[in-house]
Amino acid sequence: MIDDSCQTFVSDCHVRAAIELIRHAWDSVVLSALRMGPTRRNELLTRIAGVSDKVLTQALQRLQERGLVTKALNAEQPAPPSGAIYQLTPLGDSLANGPLAQLAQWAADNQAELTGSSATP
């Protein structure tokens, strides 16, 4: 439960803590891409248009440090990085399939207003 005394811009506020998780633009995109299941980094590069190898690597590292993504080596593949598989942790899954998915749906539902293409009342 969120503490009613939490102010939006106070350093220990829950809103700030939540935003910190997705403050890097590509982190939420990577989380969303991993919603489809365990994925190799090269597959993520293909799946996420516009992300560079370096930026993807940095995003994956941040998400691992926060406990949202895990990296495992596939025993069937002889050597990393081809054998590295990334997947959401239970915590990452709860974020990606919960509030992040809801935020994406809200953006889709309000795309016209967000892009300024709707008529002004």
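Predicted model: local features only at pLDDT ≥ 70, side-chain atom pairs only at ≥ 80, totals over all residues.
Reader: Fine. How many salt bridges are there?

Author: The general idea first: side chains of opposite charge can pair when their charged atoms come close. The rule here asks for a side-chain nitrogen of Lys or Arg within 4 Å of a carboxyl oxygen of Asp or Glu. By that rule you get six salt bridges. One of them joins Arg 23 and Glu 20, at 2.7 Å from N to O.

Reader: Is Arg 23 buried or exposed?

Author: Exposed, because its relative accessible area is 52%. The cut-offs are under 20% for buried, over 50% for exposed, and partly exposed in between, using a 1.4 Å probe and protein chains only. Glu 20, at 35%, counts as partly exposed.

Reader: And which residue meets Asp 27 in a salt bridge?

Author: Arg 62, at 2.8 Å from N to O. This pair links distant parts of the chain, 35 residues apart, with Asp 27 in helix 2 and Arg 62 in helix 4 (residues 53-65). Helices here are DSSP runs of H or I with at least four residues, strands are runs of E with at least two, and both are numbered from the N terminus. Asp 27 is buried, because its relative accessible area is 0%. Arg 62 counts as buried too, at 18%.

Reader: What links Asp 27 and Arg 62 with Glu 20, Arg 23 and Arg 66?

Author: A network of salt bridges takes in those five residues. As another case, look at Arg 40 and Glu 43, whose side chains meet in a salt bridge at 3.8 Å, N to O.

Reader: On to the sheet. What is the order of the strands?

Author: Two strands count as paired if DSSP finds at least two bridges between them. Here you have an open sheet of three strands in the order 1-3-2, with antiparallel pairing. Strand 1 (39-40) and strand 2 (69-73) are the edges, each pairing on one side only. Five bridges join strand 2 to strand 3 (residues 84-88), and Leu 73 has Ala 84 as its bridge partner.

Reader: Which helix lies across strand 2 and strand 3?

Author: Helix 4, running at about 110° to strand 2. Axes are lines fitted to C-alpha atoms, for helices over the stretch in contact (heavy atoms within 4.5 Å). Angles run from 0 to 180 degrees between N-to-C directions.

Reader: Last one: how many residues does the largest nonpolar core have?

Author: In soluble globular proteins, nonpolar side chains tend to be buried together. A core here is a set of buried Ala, Val, Leu, Ile, Met, Phe, Trp, Tyr and Cys residues joined through side-chain atoms within 4.5 Å. The largest one has 19 residues, and Val 30, Leu 31 and Val 69 have the most contacts inside it. Helix 4 gives the largest share, four residues. Leu 31 touches, among others, Leu 63, Val 69 and Leu 88, leaving aside residues up to four places away in sequence.

Key
Residues numbered from 1 in each chain as written. Heavy atoms only, no water.
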